[in-house]
Amino acid sequence: MTAAEILENVKSEFGDSVVESKLDVLQPWILVAPERMREIAYFLRDDPAMQFDYLMCLSGVDYNNGKLGAVYHLFSTVHRHKIVLKAQCTKEDAHVQSVSAVWGTANWHEREAFDLIGIVFDEHPDLRRILLPDDWEGHPLRKDYKVSEFYNGMNVPY
Amino acid sequence: MDALQNLGLWGSILIAVILSALPIIFILLYALVTLYLEMKVAAHMQDRLAYMRTGWHGTLQPFADILKLLQKEDTISSEADKKLFILAPYIVFMGTYAGFAAIPFSSMYIGSNIDLGAFFIVAVSSLVVIGILMGGWASNNKWSIFGAMRSAAQMVSYEIPTALAILIAVMITGSLNLQDVTKFQEGGIQNWVVFGGTLPLAQKLLLIPFTVVTFLILFTASLAEVNRTPFDLPEAESELVQGFNTEYSGMRFAMFYLAEYANMFLVSAVAVSLFLGGWSSPFGSLMSGPIWGLFWFIAKGMVLVFLQIWIRWTLPRLRVDQLMYTSWKVLTPFLFVCIFGVGLILVL
Amino acid sequence: MSETKTLPTRYVTQPGEIKTSSGKTLRTDEMIINMGPQHPSTHGVLRLEIVVDGEIVVDIIPHIGYLHRCFEKHAENMINYQQVIPYVDRMDYVAAMNMEHGYAVAVERLLKIEVPERVEYLRVIMAELQRIASHLVAVGTFGIDAGAFTPFLYAFRDRELILDLFEMTCGARLLYNYIWVGGLSHDLPPQFIDKCKEFCTYFKPRIKQFNDLLTFNEIFVKRTANVGVLPKDVALNYACSGPMLRGSGINWDLRRDDPYSVYSRFEWQPQLGKGEMGAVGDTWDRHIVRMREMEESVRIIEQALAGIPAGNVQAAIPKRIRPEAGEIYARTETPRGELGYYIISDGSGSPFRVKARSPAFVNLSVLPEIARGGMIADLVLIAGSVDIVLGEVDR
């Protein structure tokens, strides 16, 4: 299926949740509302025409304009087509619905996005930091991150 | 020995102490040689050279290792049970060393010529289990406890095939006294128990399959008794750091190590005495005599020790339940069949 | 570093009870044991918190992050696209050529440039040599996990020859900085092709020797067959890739199915696990897939060596890399699986966001699923068969 057809399918089911899309780039993407992420994910995985059963990558991004986002790269091993899903939220209210029930691999990817960017994934079974120590403060991959002076009594920048 | 009995109390005590100290001198020398041998054999099988710098081709390395272990700091973790922690290596070594009392090194020397030789050795070497359990428990370390539990289960299970295999040799030779068993096998390689003993030819040929199988099973069970690969789960480096040895360092670790090597020789010595002719020469009367006897005994023992080293560096290790399965469901039934067969042949 | 002391509620131990024949009650508890960051067998600094009941593993909670070196933050901080290559090397230090290759492919797609044929051929040769070297490390350390110390040394003896080839080409044995965006840093030295052919003829019987010593050894088979079975649907759901996926019988190899570089010109087959010694997808299958992949890599190298075109390897390296604003996700096949780079460019000379989707990170997340219910000894083997490199897991 082409990206246009996939977009049509998603729009027909979730018309109002599709915020934006761009189809004429190298890798077409669809921007959807973050509150309905899981339903859209179930639809994309289970619909027989699309069957996106492989979540290649889930990245957290800080867009440097007050917005954070999660980018989902999906692939179907059955139909061999790809699509990119995006969800954006503001820094103050950084919530996206978790898809770890849909694809098991999203569990660790979302933990990493939470750890480094600070997006809280709702209904994630075990949302805690994964790469940084559990008592670290701040989300380092944000563009406005300032390294804290002290961590547990040790001087951080040297 | 009887002529020395009228030396009086102190004299006989002195003689007893000297005679019982001979095995420990042997063990210390043997440990040095085996340390070197193990590393060199392993290295050459792995296509590399081991020690080359300390002495000619590294022959002084064992001394350097011992020196290093002696001067290490003696650490005991604060939560460890101090008394048991300190006692454990000595009990392990004691269990092994006591077994050396009944081993006939030559026709002229046996530490203690008791009529229950083989039985005594099997019984006393079980003390090692207590020492290992103590060491594992007293370390206050979960991994040590794992190693100690596994080791206890393993050693107790493999006592059974060992005892049954010894029983078969005793059935053929008719005595538990290891010196008598060795004398029974004098006269050349055809008289060794593993080739049927000194029995009429027809019986011998029928016995040979059973005795060969029994010898192999005894060898395998003895590998398990000394915690060597493929049965070295208690000290599995890849899983348990060092098993029950984890918290030990310096002299105490050296004690465990020494006990392991001594145990290797002890089980080889038992197998040699019972099945391979002990100190008797394979050529009959050529090259035989008390001093030659010592040479033959040590040579045969070292061949088995070399085999143990060789197997260690070749095979992967068995998992704990597979280990138990092997002992209870494979080796023991085989030995029952062998006992039945040997008994039948001896009676008919 | 203070960790939170309270675990989520589902990990709290439930005490069980056993009644003895004399009527007393023995309490059995599950024990939480730490296969800590320093351990001879966790292939790096990985902490596995294991909840065990005797020897049976009830649950595993992996803790990673001990080797986190902020690769993604470095890649954003005012360094240009070429300067990211040494950082990319150091993520998976055992398979550095493949990491560089993946990154170069991603940036070249973003820039929409083509590289000369010679560059492609040399990249394939280096990538396949690196695949053999990485698999040798994997199977060697897998042998050590099982208790066989000797195959490890045989594997490393052969790996030395590959590292000599790399040193001859770019001067480094482990972290190369060789595959640049648009080309390579050095051309081949004159004696490389002959030495490489020599290596290929030398190496093929070595694989057989290794198999005789370890893979088909009765004890090894008993340890690894039917252990850590990864079913197909779980593998796809957890986005496993590489030998983990192929070991479960799924015929998927990015070199053939999402093509990049010139792999389509060579004749070779992805190797699958067929359940020869036990269930499909057990640790033995993953092991034999790695062994057979090494044979296939030798085939590819020989075919590539026979047809290297002439050319200049540095002709297409751009003086200044300034892609237009956009983003791309490009994936390549490393020895561990699917390596993906998600690169967002904002039109300037340095990337806006580089996310490295490392195969070991994703493959490791399936470990609790497949190791539950086995023994601790099995857990060690399963963790070894996932073939993780902590540099890649933590980045």
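Buried area is the accessible area that two parts lose on being put together, summed over both. By that count, chain B and chain C of this predicted model bury about 2700 Å² between them. Chain A and chain C have an interface too, with a buried area of about 3800 Å². Chains A and B, on the other hand, don't touch each other.

**Who touches whom**
- Two pairs of chains touch, and the pair with the most contacts is A and C.
- Between chain A and chain B there's no contact, and their nearest C-alpha atoms sit 25 Å apart.

**Chain B against chain C**
- On the chain B side 24 residues are in contact, and they meet 34 residues of chain C.
- Carbon and sulfur atoms give 62% of the area buried here.
- If you want to know where chain B puts its area, look at B:Trp143, B:Pro316 and B:Arg319: they supply 23% of what chain B buries against chain C, more than any other three residues.
- The rule finds two salt bridges across this interface.
- B:Arg319 also forms a salt bridge with C:Asp378, with the closest N and O atoms 2.8 Å apart.

**Chain A against chain C**
- Here 46 residues of chain A are in contact with 46 residues of chain C.
- Of the area buried between these two chains, 56% comes from carbon and sulfur atoms.
- A:Tyr54, A:Trp108 and A:Leu131 are the chain A residues that lose the most area to chain C, together 20% of what that side buries.
- Six salt bridges turn up across this interface by the rule.
- A:Glu112 pairs with C:Lys355 in a salt bridge, and their closest N and O atoms are 3.3 Å apart.

**A helix pair inside chain B**
- Helix 8 of chain B (residues 201-225) packs with helix 10 of chain B (residues 250-275) at an angle of about 165 degrees, and their axes are 9 Å apart.
- Angles over 145 degrees count as roughly antiparallel, so that's how helix 8 and helix 10 of chain B run relative to each other.
- The crossing of helix 8 and helix 10 of chain B is right-handed.
- From helix 8 of chain B, the residues in the contact are B:Thr211, B:Thr214, B:Phe215, B:Leu218, B:Ser222 and B:Glu225; helix 10 of chain B brings B:Asn263, B:Val267, B:Ala271 and B:Phe275.
- Sorted by type, the residues of this contact between helix 8 and helix 10 of chain B come out as five nonpolar, four polar and one charged.

Key
Residues numbered from 1 in each chain as written. Chains lettered and ligands numbered in written order. Predicted model: local features only at pLDDT ≥ 70, side-chain atom pairs only at ≥ 80, totals over all residues. Heavy atoms only, no water. Axes fitted to C-alpha atoms, helices over the stretch in contact; angles between N-to-C directions. Helix = DSSP H or I, 4+ residues; strand = E, 2+ residues; numbered from the N terminus. Parallel < 35°, antiparallel > 145°, perpendicular 65-115°, else oblique. Left-handed = near helix turned anticlockwise from the far one by under 90°. Contact = heavy atoms within 4.5 Å. Nonpolar A, V, L, I, M, F, W, Y, C, P; charged D, E, K, R; others polar. Buried area = accessible area lost by both parts, 1.4 Å probe. Salt bridge = Lys/Arg side-chain N within 4 Å of Asp/Glu carboxyl O.
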